[in-house]
Amino acid sequence: MIALPLAEVERLASGRLVVAPGASAATGLSIDSRRVAPGDLFVAVGRGSSFTDQALAAGAAATLVPDDTFAALAALGAAVRDRSDARVVGITGAVAKTSTKDILAALVRPHRKTVAAEGSQNNEIGLPLTLGRLQPDTEVCIVEMGMRGLGQIAELCAVARPDVGVVTKIGPVHLELLGTVERVAQAKAEIVGALPAGGTAVVPAGEPLLEPYLGREDIDVIRFGPDGDVQLTSFAPRGEGCEVEVDVQGERVALELPFGSRYNAENTLAALAAYRALGLPLADAGCGAPHIRLSRWRGEETPLPGGGLLVNDAYNANPLSMTAALEHLSERAEGRRTVAVLGDMAELGSGAAAYHREVGAAAARSGVQVLIAVGPLAREYLAGAPDVPEARWAETVEGGLAALEPLLRPGDCVLVKGSRAVGLEALADALAAAEAPAS
């Protein structure tokens with residue numbers, strides 16, 4: 001981290017600050033006493049106040065038990081950001097924030113010293129921690145911005161001050177708090193309003209709900225997707241990867257990508273638009289493509305017995321990502337029998353049942369032959385898919401695994417996907433570790 005004087009820390013964040021003997025500045029920011037490095041400022045979050053002594057023993061320059069955790073981290077993150085000349089890319093959207101961030105970071109790293117959010121660090125805690133990794137020579141910082149309601153993206157932007165703002169997609173998420181997809185668009189568009197003059201907004205083409213927020217004349221707007229400034233002109237799966245050709249504002253770029261999903265190829269369009277906004281050489285975009293590593297449980301593939309395949313996409317789910325994952329399952333199966341284990345989709349408000357039925361219908365359309373629904377809301381998948389040959393419902397992950405095991409055959413192509421709260425990664429792990437079922 002760019003050194004932050006401890007005297008300034010004391011001014012920025014009210015609370016109990018304990019400074020190690022001889023320390024005058026912090027050179028890192030941590031909230032986990034087990035990961036403290038010498039020179040770090042350890043900020044106690046929640047029960048972290050019980051571990052300040054351990055942090056000091058590990059070499060922390062100081063420990064802070066803040067009066068207001070979010071306010072303290074925001075102030076510290078903003079102070080580091082103020083000291084950095086890095087260009088900041090903020091990424092938000094209803095789906096694919098983390099995957100787009102992972103793709104963009106890999107494309108940028110061969111050309112610029114880059115810091116990117118780890119995993120899904122996208123909230124009032126995670127975003128300041130990402131800024132806390134900025135070094136004096138960092139040239140690009142890629143942050144992720146999540147939200148649960150109006151005003152929260154704007155608050156994160158006030159800390160990170162992005163130069164490029166990416167909106168991946170608009171769709172039905174967090175409806176329990178926001179109520180309508182129109183308000184989702186309003187919330188996500190806060191990143192556009194926060195851009196400085198001369199900044200760039202990267203948005204999906206043909207998204208009418210965003211258009212009311214794109215009228216600023218002092219920023220550039222790059223649209224990606226069909227009929228946009230950045231378009232996918234060809235997509236060819238190649239084993240576990242794919243080859244794509246993309247038109248970027250009239251220039252052609254060919255990439256070999258280490259994933260085979262069409263939806264991640266489409267996420268690459270958003271990443272390429274941000275790459276272009278950073279002024280990086282389009283002809284060399286392919287240098288970083290082989291190094292793309294998506295975060296855990298986002299389309300991870302594991303061989304199963306008899307030539308089968310497990311697609312573990314259990315990190316999270318909403319109607320848009322469920323439909324895309326089911327389409328990918330159909331493409332990836334290449335003639336194998338398809339099995340979908342689908343968990344609840346959370347935070348969909350009063351329309352939750354209807355959204356689950358729609359996804360069930362999408363599973364049927366994609367040719368799913370075995371459907372295992374897991375969770376109280378997931379029963380509605382079955383209502384939307386009455387013609388799926390084998391369909392079972394279970395309330396728990398354990399029950400879902402028990403329902404699946406007698407139906408699974410060698411050679412099956414299996415998708416596991418649900419909202420984070422369901423915890424379907426445990427079921428995917430059990431499948432990956434299982435012995436080959438009897439034929």
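## Two residues with positive phi

Tryptophan 297 sits in the loop between α10 (262-277) and β16 (300-304). Helices here are DSSP runs of H or I with at least four residues, strands are runs of E with at least two, and both are numbered from the N terminus. Although tryptophan 297 is not a glycine, its phi is positive, at about 65 degrees. This tryptophan is buried, with a relative accessible area of 15% (buried means under 20% relative accessible area, exposed over 50%, and partly exposed in between, using a 1.4 Å probe and protein chains only).

Histidine 174 is another non-glycine residue with a positive phi, here about 55 degrees. Its place is the loop between β10 (164-167) and α7 (175-178).

## About the model

This is a predicted model, in which local features need pLDDT of at least 70 and side-chain atom pairs count only at pLDDT 80 or more, while totals for chains, interfaces and linings use all residues. Residues are numbered from 1 along each chain as its sequence is written, and side-chain values use heavy atoms, with hydrogens and water left out.

## Salt bridges across the chain

How many salt bridges does the structure hold? There are 20 of them, a salt bridge being a side-chain nitrogen of Lys or Arg within 4 Å of a carboxyl oxygen of Asp or Glu. One of them joins the side chains of arginine 83 and glutamate 8, at 2.3 Å from N to O. This pair links distant parts of the chain, 75 residues apart: arginine 83 is in the loop between α3 (69-82) and β7 (87-92), and glutamate 8 is in helix α1 (residues 6-12). Arginine 83 is partly exposed at 35% relative accessibility, whereas glutamate 8 is buried, with a relative accessible area of 16%.

Aspartate 412 and arginine 337 also form a salt bridge, their closest N and O atoms lying 2.8 Å apart. Here too the pair links distant parts of the chain, 75 residues apart: aspartate 412 belongs to the loop between α14 (397-404) and β21 (413-417), and arginine 337 to the loop between α11 (319-333) and β18 (338-343). Aspartate 412 is buried, with a relative accessible area of 3%, and arginine 337 is buried at 15%.

## Another pair and a network

In the salt bridge between glutamate 245 and arginine 252, the closest N and O atoms are 2.7 Å apart. Is arginine 252 buried or exposed? Arginine 252 counts as exposed, at 57% relative accessibility, while glutamate 245 counts as partly exposed, at 28%.

Finally, a network of salt bridges links Arg35, Glu118 and Arg133.
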